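The sequence and structure come before the account itself.

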Amino acid sequence: MTAGKRARLERIGTDDTYVIIPMDHGITMGAVKGLKDIESTIDAVTSGGADAVLTQRGIAGRVHPNKNDAGYITHLNGSTTIGPDEQDKRTTGTVEDAIRAGADAVSFHINVGSQYEPEQIEELSELTTEASQYGLPVLAMAYARGPDIDAENEDYNQSVGHAVRLAEELGADIVKTGYTGSAETFQHVVESTSLPVVIAGGSKGTDEETVRMVRGTMDAGAAGVSMGRSIFQHDEPEKIARAVSAVVHDDATTEEALREAGLAVEA
């Protein structure tokens, strides 16, 4: 690993652990709650301890003045919920675009198991090659999604493990994927790669559900989270970011994290 890549990884994490807040959902879902006044949301989550925020490059000018010295990741593909197929992620920028946008790293989404997998494999491989020339880290969002993959099956974690290993084989530096429901099942995913593994947040649950999922993730040996809607759509994004950061960075229990962040602990 080059000195430049190591330095940039340090900008988007804390001691090799990561609390990343993706807010690229404007291209996917539109200006949903938390994204209209994205400046205030970015200020809140980074004040709460997030290491980095992630957006499409066109939003970069709204990110930098409000991120409180946190890192910045530019996402380089996307799709919409109103288009013909949300899994068909298309390239939205280049490594040079990301550098011009002030990025410390780039990210790319791949749906392993979908009909678009072959093209996305090629595109991710090309991206990691290009990014390595600049010492720019690549976060691969590698999800197990397709007609033959069912998240309810007992062997779902095998598919997720395959997805994260694919990301490493293609040259990524960090890999994001879906949580498999428990620390026990997710351990296989973490052990499937030598890369730092971070989990997606998915749809917003209760505060306790969110933080307990993060606790299970860390118990499985993961490196942190890359959670969007669970945090940026929260009524108090700074507080939930603080709770998640306490688990990831300080090894807090679920109850400790909620209490320290000023969030209610369910009886």
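## Pockets and helix packing

The second largest pocket has a volume of about 170 Å³. In this predicted model, the residues lining the second largest pocket are Met23, Asp24, Gly26, Ile27, Gly30, Ala31, Leu35, Lys36, Ile38, Gln56, Ile59 and Arg62. Sorted by class, the lining of the second largest pocket comprises 6 nonpolar, 3 polar and 3 charged residues.

Two or more lining residues each are given to the largest pocket by helix 2 (25-29), strand 4 (77-78), strand 6 (105-112), strand 7 (138-144) and helix 10 (229-232), and the largest share, 4 residues, comes from helix 2. By class, the lining of the largest pocket holds 7 nonpolar, 14 polar and 6 charged residues.

| Pocket | Volume | Lining by class |
|---|---|---|
| Second largest pocket | about 170 Å³ | 6 nonpolar, 3 polar, 3 charged residues |

Turning to the helices, helix 9 (residues 207-219) packs with helix 11 at an angle of about 20 degrees, and the axes of the two helices are 9 Å apart. Helix 9 and helix 11 are therefore roughly parallel to each other, and helix 9 passes helix 11 in a crossing that is right-handed. In this contact, Asp207, Thr210, Val211, Val214, Arg215 and Met218 of helix 9 meet Ile240, Ala243, Val244, Val247 and Val248 of helix 11. Counted by class, the contact of helix 9 with helix 11 has 8 nonpolar, 1 polar and 2 charged residues.

Helix 11 (residues 237-250) also packs with helix 12 (residues 254-261): the axes of these helices come within 8 Å and cross at roughly 145 degrees. The crossing of helix 11 and helix 12 is right-handed. From helix 11, the residues Lys239, Arg242, Ala243, Ala246 and Val247 meet Ala257, Leu258, Glu260 and Ala261 from helix 12. The class count for the contact of helix 11 with helix 12 is 6 nonpolar, no polar and 3 charged residues. Ala243 and Val247 of helix 11 take part in the contact with helix 9 and also in the contact with helix 12.

Note on methods:
Residues are numbered from 1 along each chain as its sequence is written. This is a predicted model: local features need pLDDT of at least 70, side-chain atom pairs count only at pLDDT 80 or more; totals for chains, interfaces and linings use all residues. Side-chain values use heavy atoms; hydrogens and water are left out. Axes are lines fitted to C-alpha atoms, for helices over the stretch in contact, and angles run from 0 to 180 degrees between N-to-C directions. A crossing is left-handed if the near helix is turned anticlockwise from the far one by less than a right angle, and right-handed if clockwise. Contact means heavy atoms within 4.5 Å. Ala, Val, Leu, Ile, Met, Phe, Trp, Tyr, Cys and Pro count as nonpolar, Asp, Glu, Lys and Arg as charged, and the others, Gly among them, as polar. Angles under 35 degrees count as roughly parallel, over 145 as roughly antiparallel, 65 to 115 as roughly perpendicular and the rest as oblique. On a 1 Å grid over the protein atoms alone, a cavity is a set of points where a 1.4 Å probe fits but cannot get out, and a pocket is an open set with protein on both sides within 12 Å along at least five of seven lines; lining residues have an atom within 4 Å of a point. Grid points are joined across faces, edges and corners, and a volume is the space filled by probe spheres set on the points.
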